[in-house]
Amino acid sequence: MLTSSKPFISVIIPVHNAETTLLRALDSLAFPDCEIILVENSSTDNSYQLACDYAKENNRFKVFQSAPGVSNARNKGLDQANGEWIFFLDADDFFFKKNLTTITDKLKSSQSDIVTYNFHKGGHLVELFEVVEDFRRPEEREAFISRCLHRPTQYMTVWSKAFRARLVKSLRFDPNLRVSEDSNFFLQALLRAQTISTSPDLLYHYSIDGSSTMRTFDQSKLDGYLAALTSAQTIIEGQSTALQEAFAAYSLAQFNIGMVREVFHQSNPQSYKAKIARMKELSRSELFASAFAGMSLKQVKSLGDIPLWLIKYHAYRLASLVYLVRVRQNAHKER
């Protein structure tokens, strides 16, 4: 009997200035039947040579180079992937090695297009799923997508997911986006999927032991958030009323991120008055005004929703105080 030479799983790893963490990531790859696609993009350290040296010892590893940027690297990886399933791993993170054989065995009988797993963030377990659930009917898929949009920091990533290759091979990460490029990719995949599943298995460790694009301040990065959100709006166009409402909540969550990570960040040199003015200006912009207008009290479910509710009723100074507290809390967590 002829057997396929193609691997069951492809793992795509963008590599950029990752010489201190890359071996940790690679050592975690214990899938029994996989190829590992390393795509170095414009590193200034020894990452590329390290990847090449590692690949010499194991023919499962394939090393490529791409134009600068994580999106270009992931797109190159998609071009090269041969597996039936695709995982994305960042070079400063790692998989939970002991669980990968079990995860592979379950995928062999899965009928899903996307399977999403539990993960660790820093030293904490993020247990989103306690049981296996399959969302097949349109209303079930819509409810799950709405859940993802309402909780973007926990769901709207490409890591800690398994993607059926036939679903995503033709999708692309937008290289013009500086941030949230993975959220937009995942949204497209969710809208295409016929069956989405959750798994209680622990797959991924997201590291917070170094700098990241999300956690570092950059005066121009806010424009990146806005560009990504504008792009996401085009993806969600034409979807149901329920998904449009969920996307409005997603927009407000992105507003919160922009306020905490950029506008009120401790490294932002603008005056307090200028920061409040920027907050006010953005809340009234076309990108956010309708989301604020449609916000109801039932959407205030956590402390993070309070500043949004205050902004809706023009209590900008009170909202700013909440953001300043959030900024200090984040700074303490990330020391």
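Start at the largest cavity, whose lining divides into seven nonpolar residues, two polar ones and no charged ones. For those classes, Ala, Val, Leu, Ile, Met, Phe, Trp, Tyr, Cys and Pro count as nonpolar, Asp, Glu, Lys and Arg as charged, and the others, Gly among them, as polar.

Before you click further: this is a predicted model, where local features need pLDDT of at least 70 and side-chain atom pairs count only at pLDDT 80 or more, while totals for chains, interfaces and linings use all residues. Residues are numbered from 1 along each chain as its sequence is written, and side-chain values use heavy atoms, with hydrogens and water left out.

**Stop 1: the cavity.** Select Leu222, Tyr225, Leu226, Gln254, Phe255, Gly258, Met259, Leu282 and Phe288 to see the lining of the largest cavity. Its volume is about 40 Å³, and the count comes to one cavity of 30 Å³ or more. A cavity here is a set of points on a 1 Å grid over the protein atoms alone where a 1.4 Å probe fits but cannot get out, and lining residues have an atom within 4 Å of a point. Grid points are joined across faces, edges and corners, and the volume is the space filled by probe spheres set on them. Helix 9 and helix 10 (241–263) each supply at least two lining residues, with helix 10 giving the most, four. Helices are DSSP runs (H or I, at least four residues), numbered from the N terminus.

**Stop 2: leucine 222.** Is it buried or exposed? Leucine 222 is buried, at a relative accessible area of 8% (buried means under 20%, exposed over 50%, partly exposed in between, with a 1.4 Å probe and protein chains only). Show its contacts (heavy atoms within 4.5 Å): leaving aside neighbours within four places in sequence, leucine 222 meets Gly258, Glu262, Val263, Arg278 and Leu282.

**Stop 3: helix 8 against helix 9.** Now colour helix 8 (residues 181–192) and helix 9 (residues 221–236), whose axes come within 10 Å and cross at roughly 10°. That makes helix 8 roughly parallel to helix 9. Axes are lines fitted to C-alpha atoms over the stretch in contact, with angles from 0 to 180 degrees between N-to-C directions; angles under 35 degrees count as roughly parallel. On helix 8, pick Asn184, Leu187, Gln188 and Leu191; on helix 9, pick Ala228, Ser231, Ala232, Ile235 and Ile236. That contact has six nonpolar, three polar and no charged residues.

**Stop 4: the second largest pocket.** About 290 Å³ of space lies here. A pocket is an open set of points with protein on both sides within 12 Å along at least five of seven lines. Which residues lie nearest its centre? Of the 16 lining residues, these are His150, Ala242, Glu245, Ala246 and Gln299. Helix 5 (138–150), helix 10 and helix 12 (289–294) give two or more residues each, and helix 10 has the largest share, with seven. By class, the pocket lining has seven nonpolar, seven polar and two charged residues.

**Stop 5: two last clicks.** Serine 146 lies in helix 5 and is buried, at 13% relative accessible area. Beyond residues up to four places away in sequence, serine 146 touches Ala242, Leu243 and Ala246. Then go to asparagine 256 in helix 10, buried at 7% relative accessibility. With the sequence neighbours up to four places away left out, asparagine 256 touches Gly304, Pro307, Leu308 and Tyr323.

Methods
Angles under 35 degrees count as roughly parallel, over 145 as roughly antiparallel, 65 to 115 as roughly perpendicular and the rest as oblique.
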